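Please look over the sequence and model first.

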Amino acid sequence: MSDHPRAATATYELLHTGYAGAGVASTVGFVRDGDVLLVTDPGMVRDRSLILDPLAALGVDPATVTDVIFSHHHPDHTLNAALFPNARFHDHWAVYHGDQWDDRDAEGFELTPSIRLIRTPGHTAEDITTLVGTAGGVVAFTHLWNTATSVGDDYATDLAALHVGRARVLAVADVVVPGHGPAFTPTPDTPR
């Protein structure tokens, strides 16, 4: 099965560009595909308004967000999940909604024909990448890179798997949204 999403009808925005250093904040994304309103990695930010204000500017009420995807379970990527009270929450092995826990493997799971999850361990054993088909190409929301120039990962649980995941994502992605930095267009110099 190809990792390419089967359609290219989604749009995306960055709600917050993350960073690490004097503080830590996740890069928080927003994807719209038909009725699906998706937030990726709503983790640590200096103030919740840094997530909520950009959503409001897009005309999106947090209560209407349908889905939240966690690339992994570290608090800097999950801390603000409760901002989205009606969302389904997705991770590497299940979908959670209200008091329901529905087991499913993330590998190849499609939220829509334009939104596909794949397993990309390395930073943690449970990491996943969200691949989004847009009119401009495939966008990968992932923690395989902290930033565009991250050669390795000081916190990785499996560097060999991280490098395999990077190759897999680079084979399909036109844009990469890393865990703690601005989106970037991969080049031959992008760390593998």
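Does arginine 88 count as buried, exposed or partly exposed? Arginine 88 counts as partly exposed, at 35% relative accessibility. Buried means under 20% relative accessible area, exposed over 50%, and partly exposed in between, with a 1.4 Å probe and protein chains only.

This is a predicted model, where local features need pLDDT of at least 70, side-chain atom pairs count only at pLDDT 80 or more, and totals for chains, interfaces and linings use all residues. Residues are numbered from 1 along each chain as its sequence is written, and side-chain values use heavy atoms, with hydrogens and water left out.

**Salt bridges**

The structure holds six salt bridges. Each is a side-chain nitrogen of Lys or Arg within 4 Å of a carboxyl oxygen of Asp or Glu. The table lists three of them, including the pair formed by arginine 88.

| Pair | Closest N and O atoms |
|---|---|
| Arginine 88 – aspartate 67 | 2.8 Å |
| Arginine 168 – aspartate 3 | 2.7 Å |
| Glutamate 107 – arginine 168 | 2.5 Å |

Arginine 88 sits in strand 7 (residues 88–90) and aspartate 67 in strand 6 (residues 67–69), 21 residues apart. Strands (E, at least two residues) and helices (H or I, at least four) are DSSP runs, numbered from the N terminus. Aspartate 67 is buried, with a relative accessible area of 1%.

Asp3, Glu107 and Arg168 are linked in a network of salt bridges. Arginine 168 forms a salt bridge with aspartate 3. Arginine 168 lies in helix 3 and aspartate 3 in the segment before strand 1 (11–16), so the pair ties together parts 165 residues apart in sequence. Arginine 168 is partly exposed at 25% relative accessibility. Aspartate 3 is buried at 17%. Glutamate 107 is partly exposed at 34%. Glutamate 107 also forms a salt bridge with arginine 168. That pair spans 61 residues, from the loop between strand 9 (100–103) and strand 10 to helix 3.

An open sheet of five strands has the order 10-11-12-13-14, with mixed pairing. Two strands pair if DSSP finds at least two bridges between them. Strand 10 (110–112) and strand 14 (175–177) stand at the edges with a single partner strand each, so one side of each lacks a neighbour in the sheet. The twist averages 20° from one strand to the next. Strands 10 and 11 (residues 115–119) run antiparallel, joined by two bridges. Threonine 112 stands opposite isoleucine 115 in strand 11.

Helix 3 (residues 159–170) packs on this sheet, touching strand 11, strand 12 (128–134), strand 13 (137–141) and strand 14. Contact means heavy atoms within 4.5 Å. The direction of helix 3 makes about 155° with that of strand 11. Axes are lines fitted to C-alpha atoms, for helices over the stretch in contact, and angles run from 0 to 180 degrees between N-to-C directions.
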